Amino acid sequence: MSDYEVELITPEAKDRLADELASEIRFERKANIHGACVKLLTDNESFKDEWEDNFRFMNEDVRPHAKIFSIEDGGDLQVMYDPTAKVAIVRNCDYYGWIKSIALAVISDFFEDYHSIHRRYSVHGSAVDYMGHAIAIIGPPGTGKTTLTYGLLQNENCNYISDDWFFTRLFSNAAVIYSSEKNSYIRDDLADVWKTFAEEVKRVKLDVKCRGIADVSTLFDGRIRETSTLKTMVLLERDEKNQPFRQLNPDEALDYMINQDFCNPHQMIRDARKFNLRVNFFKELFTQNDVYMLNTVETPQESLDRIVALAER
């Protein structure tokens with residue numbers, strides 16, 4: 001679960017709240033998130049700036065598929081969501097990381113409800129392209145997902161796709177993945193593990209949780225990909241009782257994802273219908289790709305070496 005609770009509200013309640021907050025809004029910005037238009041309405045200039053750095057621009061003429069209100073009124077943190085209109089109202093959030101994750105969660109809810117032959121689903125995980133095929137790394141917070149992603153990206157044969165969230169389109173014989181964000185949201189301690197990124201981390205403006213947006217065009221000049229075909233999936237755990245590395249069959253991988261709440265603390269709706277949609281998606285995804293469990297109880301370099309060995313097969 002995330003560090004906030006989502007309160008589902010009716011369209012009528014959303015309309016009333018939006019009217020109340022209208023006079024507080026100072027900035028409005030639209031973002032292109034995998035072809036969908038998401039609009040941020042906020043009184044926080046820093047959030048507006050980070051949003052512009054984080055997401056791709058969307059033409060102002062495009063009508064929003066979803067909206068995110070972020071307003072400070074001196075009270076407690078509150079996250080409300082109208083699933084009918086795809087509108088999230090966030091009060092008193094001092095951490096941009098949650099704003100961008102809520103935006104991705106809302107548009108993921110939209111894609112789950114948008115039924116067509118072009119099915120799109122979201123995965124809270126990272127993805128790196130290696131020689132034309134993608135490796136996905138998925139795990140609960142604290143298991144080393146970002147650390148291992150950036151470790152891979154020290155290799156000149158690896159291309160950046162996403163370090164936090166990606167979208168997936170399922171075909172009959174393949175899964176194609178797509179980036180979700182324009183830039184990367186990194187921690188200040190990244191350089192403690194991989195010295196390669198020390199200078200870039202110094203340039204990042206950090207927020208209250210010591211994270212900030214890094215320019216991937218600087219970090220990975222010429223090595224950025226917006227899409228790739230998924231080939232290998234690495235799930236992460238951190239458990240001293242288990243072996244460091246093993247291959248999983250699709251049922252084992254699915255059980256893990258279910259037990260870990262899909263490794264996604266940012267889900268706007270958790271009900272039986274959404275659960276079944278997510279189960280069926282991951283079931284199909286795991287049958288199309290090789291899946292491994294990496295137990296990150298070893299050093300970051302030892303864990304990285306295991307993923308590199310997979311990539312080089």
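**View 1. Lys241 and its partner Asp239.** Lys241 is an exposed residue, with a relative accessible area of 73%. In this predicted model, the Lys241 side chain joins that of Asp239 in a salt bridge, 3.2 Å from N to O. In general, side chains of opposite charge can pair when their charged atoms come close.

View 2. Lys202 counts as exposed at 62% relative accessibility, while Glu199 counts as partly exposed at 47%.

**View 3. Glu156 meets Arg223.** This salt bridge spans 3.6 Å, N to O. It ties together distant parts of the chain, 67 residues apart: Glu156 belongs to the loop between α4 (145-152) and β11 (158-162), and Arg223 to the loop between α7 (216-219) and β16 (227-237). How buried or exposed is Glu156? Its relative accessible area is 60%, so Glu156 is exposed. Arg223, by contrast, is buried at 9%.

View 4. The protein chain is divided into domain 1 (4-116) and domain 2 (118-310), and their C-alpha centres lie 24 Å apart. To the contact, domain 1 brings 34 residues and domain 2 brings 29 residues. Between them the domains bury about 3,000 Å², with 57% of that on carbon and sulfur atoms. On the domain 1 side, look for His34, Arg56 and Glu112: these lose the most area to domain 2, together 24% of what that side buries.

**View 5. Charged and polar links across the interface.** Eight salt bridges are found across the interface of domain 1 and domain 2, along with 18 residue pairs in polar contact. At least two residues of the domain 1 side come from each of β1 (6-8), α2 (45-54), β6 (78-82) and α3 (96-113). Helix α3 gives the largest share, 15 residues. By type, the residues on this side divide into 18 nonpolar, seven polar and nine charged.

**View 6. The network around Glu112.** Lys274 and Glu112 pair through their side chains in a salt bridge of 3.0 Å, N to O. Both are part of a network of salt bridges that links Lys86, Asp109, Glu112, Asp113, Arg273, Lys274 and Arg278.

**View 7. Lys100, a buried lysine.** Lys100 is found in helix α3 and is buried, with a relative accessible area of 2%. What does the side chain of Lys100 make a polar contact with? The partner is the side chain of Glu181, at 3.2 Å. Leaving aside residues up to four places away in sequence, Lys100 touches Asn54, Phe55, Asp164, Glu181 and Tyr185.

**View 8. Helix α2 from its start.** A side-chain oxygen of Asn44 comes to within 2.9 Å of the backbone nitrogen of Ser46 at the start of α2. The buried residues of this helix are Phe47, Lys48, Glu50, Trp51 and Asn54.

View 9. Most residues other than glycine have a negative phi. Cys210 has a positive phi, near 60°, and Cys263 has one near 55°. Cys210 is in the loop between α6 (198-203) and β15 (211-214), and Cys263 is in the loop between α8 (250-259) and α9 (272-288). Cys210 is partly exposed at 36% relative accessible area, whereas Cys263 is buried at 2%.

Definitions and conventions:
Residues numbered from 1 in each chain as written. Predicted model: local features only at pLDDT ≥ 70, side-chain atom pairs only at ≥ 80, totals over all residues. Heavy atoms only, no water. Domains from an automatic or database assignment. Contact = heavy atoms within 4.5 Å. Buried area = accessible area lost by both parts, 1.4 Å probe. Salt bridge = Lys/Arg side-chain N within 4 Å of Asp/Glu carboxyl O. Polar contact = N/O pair within 3.5 Å; in protein donor to acceptor, adjacent residues only side chain to side chain. Helix = DSSP H or I, 4+ residues; strand = E, 2+ residues; numbered from the N terminus. Nonpolar A, V, L, I, M, F, W, Y, C, P; charged D, E, K, R; others polar. Buried < 20%, exposed > 50% of the residue type's maximum accessible area, 1.4 Å probe, protein only.
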